[in-house]
Amino acid sequence: MLSDKYRYVAMDFETTWLDVSKDEAIQIWIVEIDVNWNIVNQYKSFLKPEKNISELKSLVAYITWISLDDIQSAPSIFQVQDEILKFFWENTIVIGHNIEFDINFLKKYFPDVKYFDSIDTFYLAQNLIHYPLSYALDVLVESLMTNKIFKDFFLKLHWWEEYDENNIHDWLYDSQNALVLFMYEIDRIGTLFSKYPVLNNFLDKNIWLYHKILNYQADRAKGGNEKISVPALKKQLPWSKTLKTKQDIVLKNYKIWERYFVWNVDLSQLVMSLVSWNKDIIMSFASVAKLNIVKNILNDAWIKNIGFAKGYATINQTKFSRFLNKGTFSDNEFLFIIKYFSILMNEWSVIELNTKADYKIHYYIQDEKKFEKYPVVLTTHWWLYTILQEQAHKYRNYDVCFFDTEMRYKWYNEYLSKPCDLYSILNFLEILFYKYSLDEQQDAIDVLERFARFFEVFMWVLFSETKQLFVNNPETKVTVNPILENINFYETNKLVLQFPDYKSLLQECLDDGDFQALWTKIDQLFTILTWLVDVQKIMYNQSDFYFTYAESIKYTNWDEFKDIFPSWVYFLSDFEKWYPKLLDQEFWWKNLLMKKISNQDSVVEFVNNWLSDNNWKVCFILSTVKAESKELFDKFFEKWLPNDVALLVENITWSLWKNVFKAKTKWTKIIIGGYSFLIRLFSNWINIDICVEFNIIWKMSKYLLDDIQRYARKNNI
């Protein structure tokens, strides 16, 4: 299956943190396998950093489970360079999860290191493993352990160990799992080739890596020079089961335009009543997490005919056939085809888009967006505002139930002042360039190339002048007078004068739809820069950042807000008790045990005592200030942390979705995070035994705590 012309070497570094320019390696693991998945050679070692690290960061120590004792007597990376470099030759294929990170550290120490190419198991997973909660390595591994093929590979590579799913801190597992995942991914590609021999035609036309390393003997598709066609994905249709539920709330009995108090109504009862009587209804929520909680309620009742306001784009088979019959395929294009056949084999209707390459190809082959009409539609406030602006949207005659009425100002203001990210415009230019390159429209290619270079210069100048706003300013957001004609943005405004010329050139050579899509983004940017501007500083690593720009709009008027809605809207409030009640009955419950503690040491002491009660497994500490959450994490790690307890901190220990996945496991957990993270846990069926209010901005305390009680699932009692 794999060519024996190459050496397959998996590599993994553990580091003091994530910045290759500042941080250092503290552990390395390398293993070489042959084409039959046998281990040929391996090497692992702790590494002593060059800098004098008197105390390893608690966060690094927790995530890697490496202590100062492990690295104090370890060799430096240069003392073991002969052991490391013997794995790397001109025919070495380097394998790893997010392998570019590890290669950057390898090149930091050995700039002249040799290897043929690399394979990222993260990127392969995005093409072969669909809809996981996260593509983090350990999440994929734990998710795939129910798959017999994957587990056999796992046990083959870990033959000297007994798999223990409760061992949550074992670097040896973490470092080898990328190789197990690679073996599974190659095996899955082999399954696709066996089921769809036509894939060999695309492999033959791959101009780089996969044509060289994959070795399949299946028959090629027949037909010589005939055009290749592939089956279409399964068509997505609304489910049409009749709703049969208890009917307590009939909207026609209530006044429209009223704001109703609904906190005293059980959420499940409220939702089921609304959908049972009102066959055509939109329910809108302040967040995707709340939307998912309601979706879970409906799914529990076997109500599957649920739609979403956001449409989806299907594949145009004529355009797709044109793409499939081109002369050569890059690695990214080949993997997109692999993804398509993987989706096809699973009988799904929509191809998921994960990477920039996916979006480029999909833009070329997509049809117009389809909006199937469903009797029950769930949406966020953002998308509700969007469809209400459309004159001919599919749901014009639906009842609209606007949940979380008290959040109207925040979300409507954010909709009106949606930020512009200049990188999104640059990415769209790359998509257009790819499309016109496939169609070999040289005039359009030349103009797009010129405009892209110009826009990069414009973006760099705008960012440079914006940066001055943050000199000696610790804030990450500032409001500035209109940037256009602002003397502090002199160079930016000189470049603005060139946009009309490029507009004319682009309009001449691009399709109308492409030009309108591009210039709508440019117009949005100019609209923002013409008014009072909110500038947000966005960090994407420890030292680098960029900026987004939004109109500074402060919306407060209720009458103006109501004007955007049709005449059939009902506003539902979670805690404004002076509004009329949607139901006369009283229904009070206490879903979640809440406790308020304001001192960090007291929190640690309380949780320590709490763990002695074996009936409780999950404690959530509500902390809305990231810096204080990090300090609390350090307290737990320094003072006390049992090995059988998972400590998860939102956006600190791991990524959001990896933390959600970890929270789903059966271990005892201490979770530190904000209000939105807690609601997201509820939406993922995660039970919380007790919620400790550690720090909440006092003005928000009452609203947040009421809202948490509102959306906590009943089985969280």
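1. Helices (H or I, at least four residues) and strands (E, at least two) are DSSP runs, numbered from the N terminus. Helix H12 covers residues 288-300. Just after H12, Trp302 takes a positive phi of about 60°.

2. The model is predicted. Mean pLDDT for the chain is 85. Of its residues, 88% reach 70 or more. Among the elements, helix H19 (residues 442-467) has the highest mean pLDDT, at 97. Helix H28 (residues 698-711) has the lowest, at 73. Residues 165-172 need a flag: pLDDT there is below 50. In the model, this stretch still has 20 contacts beyond near neighbours in sequence.

3. Back to H12, and its length. The helix has 13 residues.

4. Burial in H12 comes next. The buried residues include Ala289, Lys290, Leu291 and Ile293. Val294, Asn296, Ile297 and Leu298 are buried in H12 as well. Note that a lysine, Lys290, and an asparagine, Asn296, are on this list.

5. Now the sheet that holds S1 to S5. This is an open sheet of 5 strands, ordered S3-S2-S1-S4-S5. Its pairing is mixed. Strand S3 (39-46) and strand S5 (117-120) stand at the edges. Each has a single partner strand, so one side of each lacks a neighbour in the sheet. From one strand to the next, the twist averages 20°.

6. Strand S4 (residues 92-96) pairs with S5 in the parallel sense, over 4 bridges. Ile93 has Asp117, in S5, as its bridge partner. Two helices pack on this sheet. Helix H4 (residues 99-109) touches strand S1 (7-15), strand S2 (25-33), S4 and S5. The direction of H4 makes about 80° with that of S1. Helix H5 (residues 121-128) touches S4 and S5. The direction of H5 makes about 50° with that of S5.

7. Is His97 buried or exposed? Its relative accessibility is 13%, so His97 counts as buried; the cut-off is under 20%. The His97 side chain makes a polar contact with the side chain of Thr121, at 2.8 Å. A polar atom of that His97 side chain also lies 3.2 Å from the backbone nitrogen of Phe122.

8. Leaving out residues up to four places away in sequence, His97 touches Asp102, Asp120, Thr121, Phe122 and Tyr135, among others. Ala136, Leu137, Leu140, Ala178 and Leu181 are also in contact with His97.

9. Another open sheet has 5 strands in the order S18-S22-S19-S21-S20. Here the pairing is parallel. Strand S18 (593-596) and strand S20 (645-649) are the edge strands, and each pairs on one side only. The twist averages 20° from one strand to the next.

10. Within that sheet, strand S19 (residues 618-623) and strand S21 (residues 668-673) pair in the parallel sense over 5 bridges. Which residue of S21 is the bridge partner of Phe620? The partner is Ile671. Helix H27 (residues 675-683) packs on the sheet. H27 touches S19, S21 and strand S22 (690-695). The direction of H27 makes about 140° with that of S21.

How values were computed. Residues are numbered from 1 along each chain as its sequence is written. Side-chain values use heavy atoms; hydrogens and water are left out. Two strands pair if DSSP finds at least two bridges between them. Axes are lines fitted to C-alpha atoms, for helices over the stretch in contact, and angles run from 0 to 180 degrees between N-to-C directions. Contact means heavy atoms within 4.5 Å. pLDDT is the predictor's confidence in each residue, from 0 to 100. The expected span of a helix is 1.5 Å times one less than its number of residues. Buried means under 20% relative accessible area, exposed over 50%, partly exposed in between (1.4 Å probe, protein chains only). A polar contact is a pair of N or O atoms within 3.5 Å; within protein, one must be able to donate a hydrogen and the other to accept it, and residues adjacent in sequence count only if both atoms are side-chain atoms.
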